[in-house]
Amino acid sequence: MTKISNGSGRNQPARTLLEERKLELCRASEERHRPVAVQVYVSPITSGAALRWVNAEGCVNPSLWKPAALDGSHAHALREEVLNLAGAVLAQRGFTYARGAYWQPAPAERDIARPTTSEVAVVPTRAYLDLQMRRFGPAPEIPEVPGVTFETTQRGQWKATVRDGRSFLLTWTPQLEGDRWIVWGGEQHSNLIRPATTSLDKALFVLRHPSHAR
């Protein structure tokens, strides 16, 4: 169970049964909608292209996976330039081609030489799976910071009270390219004090040394 520092050397549980259940439902939804294939569609009218995501149930464009527009004008869905663009989007989203898979016309295509839709099987990368573990697993532990008291306000957010009585909001957002830590201050914690960083230590610096947060 995740614990948070309370500034007094003791730890207290940070997750509730309600949060546990919510995370379980979100994890199940992610797994259900997770793409197992992608399609490139090229409009025969506009020559615009988009990458579409296909889940295990064969659904295209579920609400969690909206199509990604691919730049440029394209002749058909098996042209190298449009497939390269699609591959770049896959990498950015944490997916790669399944072993032995290759782009081919979608089953319903009539013109296999110049298809409007091509598809390929994909699998998540290790980085993507690790991200889901962080999204739905225990939240990070906040280390002891002398003179600072932390209180969980919601998952991924901690109210930090420093020696002079001021309070800050420390936020954590898991992301594929590196989790983001931000420190907010001022009234209603609306002022950006420490811009996004992938280092928790850097985010905690202004709490260890609150004079830097003025």
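Helices α1 (residues 17-33) and α3 (residues 126-136) have axes that come within 10 Å and cross at roughly 155 degrees. This is a predicted model, where local features need pLDDT of at least 70, side-chain atom pairs count only at pLDDT 80 or more, and totals for chains, interfaces and linings use all residues. Residues are numbered from 1 along each chain as its sequence is written, and side-chain values use heavy atoms, with hydrogens and water left out.

**The α1/α3 helix pair**

- α1 and α3 are therefore roughly antiparallel to each other (angles over 145 degrees count as roughly antiparallel, under 35 as roughly parallel, 65 to 115 as roughly perpendicular and the rest as oblique).
- Axes here are lines fitted to C-alpha atoms, for helices over the stretch in contact, with angles running from 0 to 180 degrees between N-to-C directions.
- Helices are DSSP runs of H or I with at least four residues, and strands are runs of E with at least two, numbered from the N terminus.
- The two helices, α1 and α3, cross in a right-handed way (the near helix is turned clockwise from the far one by less than a right angle).
- On the α1 side, L23, C26, R27 and E30 meet Y128, Q132, M133, R135 and F136 of α3, where contact means heavy atoms within 4.5 Å.
- Sorted by type, the residues of this α1 and α3 contact are 5 nonpolar, 1 polar and 3 charged (Ala, Val, Leu, Ile, Met, Phe, Trp, Tyr, Cys and Pro count as nonpolar, Asp, Glu, Lys and Arg as charged, and the others, Gly among them, as polar).

- An open sheet of 5 strands runs in the order β9-β10-β11-β12-β13, with antiparallel pairing (two strands pair if DSSP finds at least two bridges between them).
- At the edges sit β9 (149-154) and β13 (191-197), each pairing on one side only.
- On average, neighbouring strands of this sheet are turned by 20 degrees against each other, ignoring direction.
- Helix α4 (residues 200-208) packs on the sheet and touches β9, β10, β11 (167-173), β12 (180-185) and β13, and its direction makes about 160 degrees with that of β13.
- β9 and β10 (residues 157-161) pair in the antiparallel sense over 5 bridges; Q154 stands opposite Q157, and E151 has K159 as its bridge partner.
- β9 and β10 also make a hairpin with 2 residues between them, and G156 in the turn has a positive phi of about 80 degrees.

**What pairs with β8**

- Strand β3 (residues 35-42) runs antiparallel to β8 (residues 117-124), joined by 5 bridges, with V40 opposite S118.
- β6 pairs with β8 in the antiparallel sense over 3 bridges, with F95 opposite P124.
- β7 (residues 104-105) is joined to β8 by 2 bridges, again antiparallel, and Q104 stands opposite E119.

**Aromatic pairs**

- The structure holds 8 aromatic pairs (rings of Phe, Tyr and Trp, the latter by its six-membered ring, with centres within 6.5 Å; planes under 30 degrees apart count as stacked, over 60 as edge-to-face and the rest as tilted).
- The rings of W65 and F95 have centres 5.6 Å apart and planes at 80 degrees, so this pair is edge-to-face.
- W65 lies in the loop between β4 (49-55) and β5 (68-70) while F95 is in β6 (residues 95-97), so the pair ties together parts that are 30 residues apart in sequence.
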